[in-house]
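I opened my notebook to get to know a new structure, one entry at a time. Here is what I looked up, in the order in which I went.

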Amino acid sequence: MTQENALKLFKCLSDTSRLCIIQSLTQGDMYTELLAERLELTPPTVSFHMKKLEDAGLVISRKEQYYTVYSLNRAVLEKSLYEVAASEPEQIDEQQKREEAYRQRVIKAFFEYGKLRSIPVQRKKKLICYELIAEHFEPGKVYEEKEVNAIISPIYEDYCTVRRDMISEGIFSRDGTRYVRQK
Amino acid sequence: MKAFMAYLESKISEGKEEIIVLEADGRKDDGNFAKVRTNIYDVCRTISRTLADRPGAGIVAVKAQLDRFRTGWSAALEQAKQHDDIHAVAVEETKLAALEDIIAHFPEVTEA
């Protein structure tokens with residue numbers, strides 16, 4: 001376990017409702033509706049807590065007919081507090097970490113469910129958005145203009161502007177009506 | 001309309017107390033959902049106050065606005081479900097549950 005994961009785990013556990021959920025799960029596997037009834041919470045609120053517990057690696061889910069059944073991840077819960085607290089930080093360059101955090105903030109601000117809300121005015125942010133759109137294209141593969149349009153248009157209505165900007169930013173190279181992703 | 005406004009006021013006070021209790025109990029996320037719920041009662045109180053007294057608007061306009069909220073939030077809920085966005089689903093369902101409660105009290109209190 002890395003220090004980042006340990007921090008996520010501790011943050012997740014510092015909530016009475018989530019501790020109550022874990023306590024309930026020690027008595028056996030349960031589904032959302034049953035937990036909601038026991039803890040007097042709404043099912044969407046329980047689902048929200050379960051997502052956090054799952055992300056922290058504390059619970060595991062499985063599908064059983066119409067229900068999602070949750071169980072405790074004993075492999076994590078049976079670790080000693082010493083072992084978790086002594087986790088080493090992930091070996092990532094600080095600068096790289098800051099840049100990735102910034103990138104994620106920009107994506108969160110400008111994208112909603114994979115659709116671009118608006119084209120950022122600031123070039124740095126615009127590039128982040130276009131690089132994300134470029135991930136829909138295979139590098140080196142030749143695309144016809146109509147294919148490029150068909151891929152971009154579900155992401156942003158004004159696909160012509162995006163396509164042109166992506167050429168001027170060097171993300172695409174163009175030869176007539178043929179496009180190739182460069183980076 | 002007076003009774004309706006009093007109902008909204010009581011739900012807002014109740015919500016504010018709930019937020020304090022939940023946060024003190026170490027349930028910050030549940031407290032945030034209580035904030036979302038309380039905010040809906042607050043927003044509806046504001047639009048009810050504004051529209052109900054406006055000439056040419058009145059109670060019908062308030063009800064129409066509540067229905068518009070319902071349409072918009074239901075669409076947002078569907079979108080969140082489609083994308084498996086658990087947090088957004090919980091928020092939209094909380095908003096809609098509060099709105100349904102408000103709508104359920106609307107005719108009842110105005111007829112009285």
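**Entry 1: a bridge to start from.** I began with one residue pair in chain A: A:Arg62 has A:Val69 in β3(A) as its bridge partner. Before going on, I noted that this is a predicted model.

**Entry 2: the helix on the sheet.** Next I looked at what lies against these strands. Helix α2 of chain A, residues 16-25, packs on the sheet and touches β1, β2 and β3 of chain A. I read off its direction too, which makes about 90° with that of β3(A).

**Entry 3: the sheet itself.** How many strands does this open sheet of chain A have, and in what order do they come? I found three, in the order β1-β3-β2, with antiparallel pairing. The edge strands are β1 (30-31) and β2 (59-64) of chain A, each pairing on one side only. I then followed β2(A) along β3 (residues 67-72) of chain A and found six bridges, in the antiparallel sense.

**Entry 4: α2(A) and its neighbour.** I stayed with α2(A) and turned to helix α3 (residues 32-39) of chain A. Their axes come within 11 Å and cross at roughly 115°, and the crossing is right-handed. On the α2(A) side I listed A:Ser17, A:Cys20, A:Ile21 and A:Ser24, which meet A:Leu35, A:Arg38 and A:Leu39 in α3(A). By class, the residues of this contact are four nonpolar, two polar and one charged.

**Entry 5: over to chain B.** Of its 112 residues, 24% are buried.

**Entry 6: a helix pair in chain B.** I picked out helix α2 (residues 28-53) and helix α3 (residues 58-82) of chain B, whose axes come within 8 Å and cross at roughly 145°. This crossing is right-handed. The residues that meet include B:Cys44, B:Ile47 and B:Leu51 in α2(B), and B:Ile59, B:Val62 and B:Leu66 in α3(B). The contact has eight nonpolar, three polar and no charged residues.

**Entry 7: where the chains touch.** Last, I looked between the chains: 10 residues of chain A are in contact with 15 residues of chain B. On the chain A side, α2 and α4 (43-55) each supply at least two residues. Which element gives the largest share of that side? It is α4(A), with six residues. By class, the chain A side has three nonpolar, five polar and two charged residues.

How values were computed:
Residues are numbered from 1 along each chain as its sequence is written. Chains are lettered from A and ligands numbered from 1 in the order in which they are written. This is a predicted model: local features need pLDDT of at least 70, side-chain atom pairs count only at pLDDT 80 or more; totals for chains, interfaces and linings use all residues. Two strands pair if DSSP finds at least two bridges between them. Helices (H or I, at least four residues) and strands (E, at least two) are DSSP runs, numbered from the N terminus. Two residues are in contact if their C-beta atoms, placed from the backbone, lie within 7 Å. Axes are lines fitted to C-alpha atoms, for helices over the stretch in contact, and angles run from 0 to 180 degrees between N-to-C directions. A crossing is left-handed if the near helix is turned anticlockwise from the far one by less than a right angle, and right-handed if clockwise. Ala, Val, Leu, Ile, Met, Phe, Trp, Tyr, Cys and Pro count as nonpolar, Asp, Glu, Lys and Arg as charged, and the others, Gly among them, as polar. A residue is buried if 20 or more other C-beta atoms lie within 10 Å of its own, exposed if 12 or fewer, and partly exposed in between; C-beta atoms are placed from the backbone.
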